[in-house]
Amino acid sequence: MNIHNQSERSGRMPEEQKNRKLRGLKLLVVTCAIALLSGASFAQDEASGVLRVGVRQEPDSMNHHITQFAIAYEIIGTVYESLVGKDLEGKPTNSALAESWVRSDDGLTWTLKLNLT
């Protein structure tokens with residue numbers, strides 16, 4: 001009799017399978033928490049081309065330069081793409097519209113090469 005058959009007969013789950021199920025459960029809990037804590041819900045009617053946004057809070061402005069509410073940034077983020085993205089550590093990445101960028105020696109001018117594809 002091999003070990004695998006013994007664990008099945010004893011009703012105990014192998015450690016690797018337990019860990020896999022625990023990771024899946026953690027992922028499910030985090031996903032549900034994000035969905036519940038999200039301030040907005042989005043739905044798109046592809047036939048009419050209309051994007052409907054349900055929000056729990058009124059945005060103070062749709063101008064991303066002056067808004068102070070997170071809900072406004074969530075809505076604006078569905079409409080506009082950033083020039084430069086950020087990674088998980090907050091460092092700039094070229095994951096958005098800008099393919100690359102260079103700062104001038106005096107620090108006053110930025111030259112960005114846009115990703116046109």
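This report describes a predicted model of one protein chain, from its overall layout to a few residues and their surroundings.

## Basis of the model

Residues are numbered from 1 along each chain as its sequence is written, and side-chain values use heavy atoms, with hydrogens and water left out. Because the model is predicted, local features need pLDDT of at least 70 and side-chain atom pairs count only at pLDDT 80 or more, while totals for chains, interfaces and linings use all residues.

## Overall layout

The chain has 3 helices and 6 strands. Helices (H or I, at least four residues) and strands (E, at least two) are DSSP runs, numbered from the N terminus. Along the sequence, the pattern reads α-α-β-β-α-β-β-β-β.

The chain has 117 residues, and 10% of them count as buried. Buried means under 20% relative accessible area, exposed means over 50%, and partly exposed lies in between (1.4 Å probe, protein chains only). The chain exposes about 10,100 Å², of which carbon and sulfur atoms supply 56%. Accessible areas come from the Shrake-Rupley method with a 1.4 Å probe; for residues, only the protein chains shown count as cover.

A contact means heavy atoms within 4.5 Å. Among the contacts in the chain with a separation of 6 or more, 11% are between residues 24 or more positions apart.

## The loop between β2 and α3

Thr67 sits in the loop between β2 (50–55) and α3 (70–79). Thr67 counts as buried because its relative accessibility is 6%. Apart from neighbours within four places in sequence, Thr67 is in contact with Asp60, Ser61, Ala72, Tyr73 and Ile76.

Ser61 is also found in the loop between β2 and α3. With a relative accessibility of 15%, Ser61 counts as buried. Its contacts, again leaving aside neighbours within four places in sequence, are with Ile66, Thr67, Ala72 and Ile76. A polar atom of the Ser61 side chain lies 2.9 Å from the backbone nitrogen of Asn63. A polar contact is a pair of N or O atoms within 3.5 Å; within protein, one must be able to donate a hydrogen and the other to accept it, and residues adjacent in sequence count only if both atoms are side-chain atoms.

Ile71 is in helix α3 and is buried, at 4% relative accessibility. The C-alpha atoms of Ile71 and Ser61 are 9.8 Å apart, and the two residues are 10 residues apart along the chain.

## Salt bridges

Side chains of opposite charge can pair when their charged atoms come close. A salt bridge is a side-chain nitrogen of Lys or Arg within 4 Å of a carboxyl oxygen of Asp or Glu, and by this rule the count is 2.

Lys91 is partly exposed at 48% relative accessibility, whereas Glu89 is exposed at 62%.

Lys113 forms a salt bridge with Glu99, with the closest N and O atoms 3.3 Å apart. This pair links distant parts of the chain, with Lys113 in strand β6 (residues 110–114) and Glu99 in strand β5, 14 residues apart. Lys113 is partly exposed at 48%, and Glu99 is partly exposed at 34%.

## A nonpolar surface patch

Leu83, Leu97, Trp110, Leu112, Leu114 and Leu116 make a nonpolar surface patch of about 610 Å². Patches are made of residues with over 30% relative accessible area and no salt bridge: like charges are joined within 9 Å, and nonpolar side chains (Val, Leu, Ile, Met, Phe, Trp, Tyr) within 5 Å.

Leu97 is in the loop between β4 (92–93) and β5 (98–103). Its relative accessible area is 35%, so Leu97 counts as partly exposed.
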